[in-house]
Amino acid sequence: MSRKQNIRWLLSELSTLVAQGVLPADAAERIRRYYGEREEQAGRRWAVVLFSIIGAALVGGGVILLTAHNWDRFSRGIRAALACAPMIAGQLVAAWVLFRRNAGAGAREGAGTFLALAVGACIAIVSQLYHLTDDFGAFMLTWMLLIVPLVYALDAVAPALIYLAGIAAWAGERQVMDGRAAWFWILAAALIPFIRRVLRENRHGPRAAVLLWGAAICACVSTGICLEKVVPGLWIIVYAGLLSFFYLAGSYWFNEEAPLWNRPLFIVGSIGTAIYSLLLSNRWPWNDIGWHHYRYGLEYDRIAAIPDYILAVGLTMAALALLVTSVRRKETKRLYFGVMPLVAACGYALAALTDRELAAAALFSVYLFVISIATLVRGFRERRQGLVNGGMLMLSALIVNRFFDSEFDLLTRGIVFILLGVGFFAANIMLTRRKEATP
Amino acid sequence: MKSFRILLFVVAVAAQIAAPALMIRFWETTLREGAQFRFRIAPVDPYDAFRGRYIFLRVESNCVPAIPGVSVSRGTQLCAELGVDTNGFAYFTAGSVEPPVGKPYLKARVRWEYRGSIWLDLPMDRFYMNEKMAPEAEKAVWRHSSRANQTASILARIKDGRAVVEDVLIDDMPIRQFIKDNRGKE
């Protein structure tokens with residue numbers, strides 16, 4: 001049960017406890033008031049933060065559109081002043097928030113969001129004023145470097161998310177232009193102290209959840225962008241390490257009882273592992289990979305490929321270190337998903353050394369089958385409908401994928417689809433009955 | 001901790017103000033002190049959602065002769081020396097890696113090299129306008145940059161290899177003025 005469910009259960013039990021004489025009525029009332037008010041306050045606080053961010057983003061967006069209108073009637077000086085005005089206003093509001101004692105999260109997030117957008121608008125409009133040629137990379141980099149201090153100064157998550165999205169966009173542009181996108185990791189490292197602080201403050205809180213969702217998604221997208229791809233197929237090892245690291249870190253450092261929304265690393269890691277395994281159960285990712293197919297040419301840079309090797313080794317080692325820790329702590333249930341880097345390394349070696357793509361794809365088909373069954377069994381044992389459905393879904397995806405892979409006739413396909421559907425219904429009915437039968 | 005945050009904020013605000021201020025100062029200096037050139041153009045009109053509307057400009061003469069002994073690739077920065085033809089329009093006379101001494105030049109990136117010529121990506125590819133006026137301007141520029149009626153040009157200021165588009169001219173008239181004067185006539 002999640003924390004909220006625990007509280008709801010406790011509040012629902014209070015009247016029974018009072019009626020049975022276990023708890024005095026005034027104590028029950030105090031408990032009701034304490035937990036009821038805390039839940040209500042937390043909800044209200046987050047509504048304020050959310051509305052502040054949305055409001056600031058809307059006003060910021062409106063200001064960008066207004067200034068982009070290009071007010072021909074005004075002189076260049078006035079237009080320059082108009083371009084800078086929203087930024088100056090944002091700075092004043094942010095300063096007021098910073099110097100004000102006990103400024104709420106809503107004010108900090110709102111001020112940070114508005115100022116971050118206004119800085120971008122200001123630079124863009126000044127470029128417009130002088131009809132400068134579009135240099136998206138330089139614009140993004142300047143903008144992001146100017147807003148990253150706001151994350152720390154205002155202790156705000158929203159500018160950190162804007163920064164993450166901005167540096168990912170910058171990396172995309174750089175990779176297309178000159179292939180030097182690996183600087184992304186240096187830029188991303190600027191947020192590490194902030195992420196650490198937010199996690200230390202309350203790793204199960206909404207701030208940590210929002211920040212980690214942004215960071216995990218950004219890491220998944222940017223890893224693919226930044227790889228130089230000189231050694232074909234190295235992405236298989238890199239992504240296996242990344243997703244396993246997320247899964248194991250999410251399991252290791254985050255309470256299992258916390259709601260799923262508050263465990264982004266675990267969710268991204270586990271869903272990512274399932275989807276990734278499904279992808280690697282096909283033959284095409286394993287075609288022409290490994291050192292024998294090393295790429296030469298002007299568009300491939302040996303030096304720029306060094307971060308690829310660092311990522312491949314670093315992420316795999318980090319995931320394996322967490323895996324060993326899980327084994328030592330006798331948390332064997334983590335092994336199934338956590339072992340993916342080793343399976344990927346075996347598949348890679350198989351495909352690269354022997355050119356047996358089919359064998360590597362088959363290895364991942366077996367792996368996906370094993371983790372589906374393990375999830376299904378665990379779901380039944382722990383009577384968790386979500387896990388049962390997850391396991392069934394993975395199994396179905398594997399079968400359907402294999403199905404389209406091979407040339408089965410329509411009759412066979414139809415029967416298998418019906419059997420899978422019946423399996424879903426049967427599993428859910430069984431689990432519901434077992435739950436109802438439990439006192 | 002609080003004082004560190006305040007210090008960081010002050011540094012951020014100073015940098016945020018300095019960045020556009022330096023841009024404005026740099027380009028204003030170019031506009032004030034740069035030499036004036038006119039370039040012949042060819043148009044299109046894309047839409048940039050972030051910056052409003054602009055006319056896309058393409059300078060007709062945008063290549064330099066290949067530089068003997070120097071191999072260039074896409075993205076290499078070159079200095080293109082400027083000359084003026086008998087009709088008063090600018091064109092590029094030569095390219096060099098280092099800035100030429102005592103001659104006007106424009107810094108530009110190489111697009112490609114082909115049969116003894118280096119084609120350049122010039123830093124004068126857009127002219128921002130009010131979103132209502134831009135489509136009219138685009139049509140006007142298009143009409144006035146055909147082979148039969150090539151009277152549209154870019155007026156740019158160039159200083160130390162940097163260019164700022166000062167205006168777009170049609171029949172020697174600033175484009176905004178031209179559109180206002182000719183509304184309904186063409």
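## Where the two chains meet

Between chain B and chain A, 6 residue pairs are in polar contact, counting pairs with both residues at pLDDT 80 or more. On the chain B side, α1 (2-33), β9 (126-129) and β11 (162-170) each supply at least two of the residues that touch chain A. The largest share of that side comes from α1(B), with 17 residues. Please keep in mind that this is a predicted model.

In total, the contact draws on 36 residues of chain B and 42 residues of chain A. Together the two chains bury about 3,600 Å², and 64% of this lies on carbon and sulfur atoms. How many salt bridges cross the interface of chain B and chain A? The rule finds 1. E28(B) pairs with R76(A), their closest N and O atoms being 2.8 Å apart.

## Salt bridges within the chains

Over all chains, the count comes to 18 salt bridges. In chain A, a network of them links R108(A), E109(A), D155(A), R197(A), E201(A) and R207(A). One of its pairs is R207(A) with E201(A), at 3.0 Å from N to O. Here R207(A) is buried, with a relative accessible area of 10%, whereas E201(A) is partly exposed at 48%.

R111(B) and D121(B) form a salt bridge, with 2.8 Å between the closest N and O atoms. This pair links distant parts of the chain, 10 residues apart: R111(B) sits in strand β7 (residues 105-114) and D121(B) in strand β8 (residues 117-121). R111(B) is partly exposed, at 25% relative accessibility, and D121(B) is also partly exposed, at 32%. K159(B) and D160(B) form another salt bridge, at 3.3 Å between the closest N and O atoms. K159(B) is partly exposed at 23%, while D160(B) is exposed at 52%.

A polar atom of the Q175(A) side chain lies 3.2 Å from the backbone oxygen of L227(A). Beyond its neighbours within four places in sequence, Q175(A) has contacts that include R180(A), A181(A), I225(A) and E228(A).

## A nonpolar patch on the surface

L50(A), F51(A), I54(A) and L58(A) make up a nonpolar surface patch, with about 460 Å² of accessible area together. Of these residues, I54(A) lies in helix α2 (residues 25-68) of chain A and is partly exposed, with a relative accessible area of 42%.

Technical notes
Residues numbered from 1 in each chain as written. Chains lettered and ligands numbered in written order. Predicted model: local features only at pLDDT ≥ 70, side-chain atom pairs only at ≥ 80, totals over all residues. Heavy atoms only, no water. Polar contact = N/O pair within 3.5 Å; in protein donor to acceptor, adjacent residues only side chain to side chain. Contact = heavy atoms within 4.5 Å. Patch = residues over 30% accessible without salt bridge, like charges linked within 9 Å, V, L, I, M, F, W, Y side chains within 5 Å. Areas by Shrake-Rupley, 256 points an atom, 1.4 Å probe, with all protein chains shown as cover. Salt bridge = Lys/Arg side-chain N within 4 Å of Asp/Glu carboxyl O. Helix = DSSP H or I, 4+ residues; strand = E, 2+ residues; numbered from the N terminus. Buried < 20%, exposed > 50% of the residue type's maximum accessible area, 1.4 Å probe, protein only. Buried area = accessible area lost by both parts, 1.4 Å probe.
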